[in-house]
Number of protein chains: 4
Amino acid sequence: GGCRAPVRVRVLVINTGGTIGMVEEEQGLAPEANKLVKALKKMPMLHDEVYAKENKHCDCPKFPDNTLVLPPSDQNKRIVYTILELSPLLDSSNMTTDDWAKIARNIEKYYEQYDGFVILHGTDTMAYTASALSFMCENLGKTIVLTGSQVPIYELRNDGRANLLGALLIAGQFVIPEVCLYFYHKLYRGNRVTKVDAGSFNAFSSPNLPPLANAEVDITGFIMILFSNVWKAYVLNMVDFIIVVQMNQVKAFLQPPMEGIVLETYGTGNAPNNREDLLDELKKATERKVVILNCTQCLRGSVAAVYATGQTLTAVGVIPGGDMTPEAALAKLSYTLSKSHLSWEEKKEMLSENLRGEMTVVPTGAKISLTDS
Amino acid sequence: GGCRAPVRVRVLVINTGGTIGMVEEEQGLAPEANKLVKALKKMPMLHDEVYAKENKHCDCPKFPDNTLVLPPSDQNKRIVYTILELSPLLDSSNMTTDDWAKIARNIEKYYEQYDGFVILHGTDTMAYTASALSFMCENLGKTIVLTGSQVPIYELRNDGRANLLGALLIAGQFVIPEVCLYFYHKLYRGNRVTKVDAGSFNAFSSPNLPPLANAEVDITGFIMILFSNVWKAYVLNMVDFIIVVQMNQVKAFLQPPMEGIVLETYGTGNAPNNREDLLDELKKATERKVVILNCTQCLRGSVAAVYATGQTLTAVGVIPGGDMTPEAALAKLSYTLSKSHLSWEEKKEMLSENLRGEMTVVPTGAKISLTDS
Amino acid sequence: GGCRAPVRVRVLVINTGGTIGMVEEEQGLAPEANKLVKALKKMPMLHDEVYAKENKHCDCPKFPDNTLVLPPSDQNKRIVYTILELSPLLDSSNMTTDDWAKIARNIEKYYEQYDGFVILHGTDTMAYTASALSFMCENLGKTIVLTGSQVPIYELRNDGRANLLGALLIAGQFVIPEVCLYFYHKLYRGNRVTKVDAGSFNAFSSPNLPPLANAEVDITGFIMILFSNVWKAYVLNMVDFIIVVQMNQVKAFLQPPMEGIVLETYGTGNAPNNREDLLDELKKATERKVVILNCTQCLRGSVAAVYATGQTLTAVGVIPGGDMTPEAALAKLSYTLSKSHLSWEEKKEMLSENLRGEMTVVPTGAKISLTDS
Amino acid sequence: GGCRAPVRVRVLVINTGGTIGMVEEEQGLAPEANKLVKALKKMPMLHDEVYAKENKHCDCPKFPDNTLVLPPSDQNKRIVYTILELSPLLDSSNMTTDDWAKIARNIEKYYEQYDGFVILHGTDTMAYTASALSFMCENLGKTIVLTGSQVPIYELRNDGRANLLGALLIAGQFVIPEVCLYFYHKLYRGNRVTKVDAGSFNAFSSPNLPPLANAEVDITGFIMILFSNVWKAYVLNMVDFIIVVQMNQVKAFLQPPMEGIVLETYGTGNAPNNREDLLDELKKATERKVVILNCTQCLRGSVAAVYATGQTLTAVGVIPGGDMTPEAALAKLSYTLSKSHLSWEEKKEMLSENLRGEMTVVPTGAKISLTDS
């Protein structure tokens with residue numbers, strides 16, 4: 001037996017597509033089905049063939065052909081991982097809200113059978129999916145790690161091997177009950193990241209929150225965790241009628257059936273206050289109960305009420321988005337709007353609060369946060 | 001006399017508004033007219049009152065009341081600068097293409113009378129204005145420096161004093177015939193920057209090109225300059241019918257009178273290739289001679305033709321924007337479309353070329369740029 | 001009267017010399033006595049002349065001619081500061097342990113009369129002095145801030161104005177009962193910094209501890225403070241017979257009267273383990289009760305017991321210095337050795353403990369600091 | 001045959017020891033002989049077993065058992081590499097000048113037979129060895145790359161695989177006729193680096209020169225190369241009588257047989273100018289023709305003649321070291337002193353010049369390097 005020996009942990013890897021498993025085709029790189037497992041089985045750093053054969057009698061996994069096992073880790077754990085490939089595999093540019101729901105449903109379905117989860121995903125929209133899952137997974141008690149790569153794992157020089165290995169070690173060895181994103185030796189909170197570099201292995205940034213952990217010579221981190229046992233994946237009935245727009249484009253989008261909008265404004269949340277027409281449209285929209293969230297275009301910083309141009313927006317009913325990324329704002333708005341049992345006021349309240357660590361809440365008046373003598 | 005003594009140089013400061021000259025009003029910070037000059041006159045680091053009085057007889061400046069003089073610089077030059085305040089002063093969120101044209105017309109009008117130009121501007125849209133001016137100023141032979149600040153110059157602790165002083169010293173002492181942006185001790189190429197931080201003095205980033213110069217203990221830089229004497233400010237007949245859109249919003253904007261669009265796509269220029277409807281609309285639009293430029297959402301990196309999802313866009317007539325910022329792309333598109341004597345093909349050609357150092361041109365096939373043995 | 005009105009705070013500025021107050025002489029930059037106060041009085045951002053005159057009757061300061069007052073701060077406080085100039089003024093390269101004691105004696109003498117302290121110091125050895133003062137000032141209950149500049153405050157473009165202003169605002173407005181170092185908008189723990197750049201305004205780094213606070217658009221920080229009222233400046237009877245040496249030089253220095261040595265070793269504290277002669281000398285020395293502290297040459301990281309070459313040193317009685325900077329190690333050793341009432345074992349114990357936040361103490365066995373499932 | 005087919009290149013890997021090949025022993029990590037080749041043969045990313053067997057008849061390599069072959073690269077080259085293990089394997093803390101000479105002799109011996117060279121080395125003194133080899137290898141015409149790792153290649157999560165692969169691809173595919181150091185996706189000039197982090201994979205820094213190349217999604221770089229065909233490895237008759245000392249320790253080391261000293265001074269090369277005794281000793285030493293090179297302790301920046309305290313050193317015959325690292329200074333001094341046919345003046349001249357790109361030479365008077373109008 002021994003399958004349930006404490007030294008073994010199970011991780012489910014959900015492969016959604018993305019560069020990590022892409023192959024060169026005539027029209028450029030594209031994902032190819034049923035290829036990743038075969039490739040991984042030939043990489044000793046990602047699969048211990050000898051151990052796997054010796055423990056074959058241990059027929060626990062539901063998907064024996066798709067189940068691999070890592071060499072022993074520092075902590076002497078054996079991480080057994082099963083790859084579940086979604087169909088069709090998607091370039092992350094092709095991801096829709098339906099695909100987010102599909103991932104969430106799979107986590108829910110296999111939640112009890114696995115100790116942790118890794119989601120392979122293209123880098124282009126990984127921050128969006130991570131943000132969405134962070135809201136969809138209510139009362140999460142296990143670790144979910146999204147990862148992928150900038151260069152396919154089939155290439156000689158690639159970042160896929162190290163990213164997958166690190167994500168597996170974190171999902172299998174630590175209980176960080178959050179939706180995280182692991183890339184280039186750093187573990188980020190999933191709803192805090194944004195892709196900043198199209199040409200470097202160091203592709204992501206978490207501009208307003210330091211990484212949760214660093215996996216360098218040692219794995220180190222400073223994480224405060226509230227453990228929860230009442231997990232329930234909330235599968236979104238995703239609302240499609242929301243959009244990210246820049247201020248000057250807002251007019252075209254405020255008509256029904258639009259239910260919510262993420263505004264990308266300048267600096268600390270400023271927008272023209274001499275464009276009465278735009279402000280008028282915004283006011284009419286909020287009166288129609290369209291929900292409008294205000295985020296900054298800047299990589300770092302927060303929407304605040306410092307400038308006359310910024311206060312104008314609050315006055316017409318726009319909700320300040322603090323230091324949320326546009327990715328997180330879009331996902332949070334979608335999540336909130338899908339809660340059909342909530343009133344419009346409750347939804348606005350919910351959007352202003354920190355739900356999953358996605359925004360920094362500063363106590364009122366605490367602009368200077370040092371101890372004042 | 002001595003006004004024309006080689007030791008004196010003249011700089012024109014065009015004050016368009018922005019935080020640097022804002023004061024606290026009931027509704028937040030807002031610009032106030034005729035206040036900046038008075039304040040600067042009381043700051044010894046920005047005005048040498050004794051020297052100014054002694055040289056009063058030297059009545060060259062056209063605007064004596066608005067003319068100040070810096071203390072002597074390292075190079076023993078006297079920088080005499082005149083402040084021209086635009087009316088009304090604008091929060092940069094309220095800037096429009098008309099305001100760009102107004103700035104360009106002022107540079108043209110005073111081009112011969114001054115040795116260099118400083119433009120005070122709000123930080124929120126400074127990168128847009130810098131990009132636009134870089135295209136509008138053809139055959140530039142003098143230095144134009146945009147600057148501003150995150151905290152008003154009237155506050156005790158502020159970044160306005162240092163930014164203005166640095167901009168004046170660069171515009172007055174060096175011939176860098178470009179439109180530059182100076183902030184927090186760094187001189188950037190104007191069409192390469194983007195605002196990345198709403199809360200730090202280090203507000204700007206030039207993700208794909210290092211700063212032109214650093215003004216630290218010494219002013220150092222490595223600048224290749226093509227000097228030109230055939231200056232002609234090209235005052236744009238600004239085209240308003242262009243817009244920056246994200247891929248999923250493109251449909252709503254492709255109808256006439258739209259003439260051009262900057263697409264913000266994922267990663268290395270990818271967009272959904274399973275959304276036949278969108279691609280169809282794009283194709284129809286390019287066939288109607290709408291010009292569509294493709295830029296990455298990522299801070300760093302370049303639009304390339306690596307992925308199947310990216311090649312799809314090129315196939316329907318979209319022009320790859322390389323490593324241009326969205327700010328530069330918008331300005332370049334506006335500049336190109338306003339050249340009404342050009343054919344559609346010539347405009348497309350122009351957009352693909354590097355005009356003002358705004359994009360990095362990599363020779364075909366030079367993906368690996370090291371000497372290959 | 002009003003001198004004791006809560007809105008006014010008093011800061012003592014001890015000017016020890018350094019670039020900030022230097023003037024160009026024939027042989028290069030050198031400090032000049034009695035010049036700084038006169039210069040500061042002419043800078044409106046550092047002295048509010050009108051207010052000072054109106055409040056002249058308020059004859060509290062002991063040194064009226066050397067007392068200046070800042071313009072009102074954000075928090076509407078008036079910071080009145082008095083400059084005490086040490087004689088002679090020193091280039092920080094000329095600082096000795098006697099000078100450290102002189103500074104400490106002045107803090108002790110004026111401790112009750114002032115609310116905070118700023119020490120102007122050359123940058124070259126500022127990290128050494130800050131480290132030494134952090135150990136000398138036992139039970140500190142007020143803020144001490146060292147600062148200086150890379151370019152003299154008399155130059156047109158300089159970092160002295162902003163550094164002095166920031167240090168005054170922090171020493172006058174916040175109770176951070178530590179010896180801190182303020183430079184380029186960052187407040188560091190004094191015994192954690194090291195000078196890393198001879199040519200940039202951003203001259204210091206705190207490689208193993210983030211800044212205590214950032215003074216950007218707002219002053220923000222995350223500081224845990226243990227307030228103490230039992231202040232007593234411990235004026236060191238400084239021990240001169242200690243030195244920082246590299247491993248291969250150690251032999252020459254181990255002879256009496258040497259009492260202590262800071263070893264700068266490679267990487268995580270490694271030294272040759274095939275040089276029996278050196279190890280022998282070290283063993284003989286520790287047996288003679290010479291105290292030997294082991295620090296890494298690396299900017300970042302910690303002396304640990306991972307490598308065979310590192311364990312060799314521990315075996316011959318060398319004390320691992322963790323992630324202390326060499327500057328802090330030197331000062332801590334000096335401080336410990338001067339405690340003549342302590343036994344050799346107590347001194348070794350003291351050196352292994354964290355006394356003033358100068359080293360990170362990791363609980364035994366906590367190499368992986370994440371929650372382990 | 002086919003061995004000489006253009007598609008195949010040969011790289012010699014000289015394994016000197018270091019963490020990359022270390023195993024856990026009772027006393028900590030230590031190198032173990034004859035183990036690395038066996039381990040590498042089992043890693044498909046570093047050895048293509050199928051190809052190797054099929055091409056066995058191709059009996060060119062002198063050391064068939066130690067010869068491995070990489071999978072095909074982007075450029076469709078086959079890199080065949082032979083591992084030459086030095087005996088004994090050394091922890092880099094145990095490296096001496098004799099070991100530098102041994103490496104150089106091996107490069108000389110196999111120079112014609114291989115297209116490029118990789119040297120596996122411990123990280124602690126890798127910068128010293130790289131600096132020394134850069135001077136020893138005169139008229140180099142092939143690429144030499146030093147690399148190693150922070151975590152042994154036998155561990156599950158390690159940086160050895162990626163560092164070795166990158167070094168092999170660069171040594172095998174590009175002609176960069178320099179001694180380089182490759183670590184964490186960056187290729188540095190060997191005599192410009194220093195180890196800055198004991199706990200991160202990103203262990204090295206090249207503070208005063210950007211990396212020669214980055215191996216991220218693509219391998220990119222901007223390298224000016226002077227190709228040379230008159231290679232001659234200059235195997236040093238290494239001079240042991242040189243040392244790196246801090247100013248206050250200099251006295252003890254200036255006695256014969258010391259021939260040269262690298263001074264580590266503060267900031268921009270400053271030392272106490274009130275210590276007549278020290279300066280006197282320095283003067284006597286330079287009069288005895290001891291060569292003294294002055295380097296800054298700071299990570300970044302350069303020894304310049306700005307301060308009175310700095311000029312004092314030049315006056316007593318000390319040579320300013322510019323922005324050389326202490327590692328490069330030590331190696332350059334050793335190299336220069338070993339040229340016994342040179343006069344003392346010629347040696348001093350040689351030390352002041354840039355020999356291998358190890359220091360930045362600024363034309364006299366070019367403090368402000370921008371074009372001055």
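Among contacts in chain A between residues at least 6 apart in sequence, what share joins residues at least 24 apart? The share is 71%. Contact here means heavy atoms within 4.5 Å.

Some ground rules. This is a predicted model, where local features need pLDDT of at least 70 and side-chain atom pairs count only at pLDDT 80 or more, while totals for chains, interfaces and linings use all residues. Residues are numbered from 1 along each chain as its sequence is written, chains are lettered from A and ligands numbered from 1 in the order written, and side-chain values use heavy atoms, with hydrogens and water left out.

Let's stay with chain A. It has nine helices and 19 strands. Those are DSSP runs, numbered from the N terminus: helices are H or I with at least four residues, strands are E with at least two. Of the 373 residues in chain A, 65% are buried. Buried means under 20% relative accessible area, with a 1.4 Å probe and protein chains only; exposed is over 50%, and partly exposed is in between.

Now take helix α4 of chain A, residues 126–136. It is largely enclosed by the rest of the structure, because 11 of its 11 residues are buried. Among them are Tyr128(A), Thr129(A) and Phe135(A).

Over to chain C. Thr129(C) sits in helix α4, residues 126–136 of that chain. Buried or exposed: which is Thr129(C)? It counts as buried, because its relative accessibility is 0%. Beyond neighbours within four places in sequence, Thr129(C) touches Met95(C), Trp100(C), Ile103(C), His121(C) and Leu146(C). With His121(C), the side chains make a polar contact of 2.7 Å. A polar contact is a pair of N or O atoms within 3.5 Å; within protein, one must be able to donate a hydrogen and the other to accept it, and residues adjacent in sequence count only if both atoms are side-chain atoms.

Next, the helix pair. In chain C, α3 (residues 97–110) packs on α4 at about 50°, with axes 10 Å apart. Axes are lines fitted to C-alpha atoms, for helices over the stretch in contact, and angles run from 0 to 180 degrees between N-to-C directions.

Last stop, chain B. Lys339(B) lies in the loop between α8 (326–337) and α9 (344–352). At 9% relative accessibility, Lys339(B) counts as buried. Its side chain makes polar contacts with the side chains of Glu138(B), at 2.7 Å, and Tyr335(B), at 3.3 Å.
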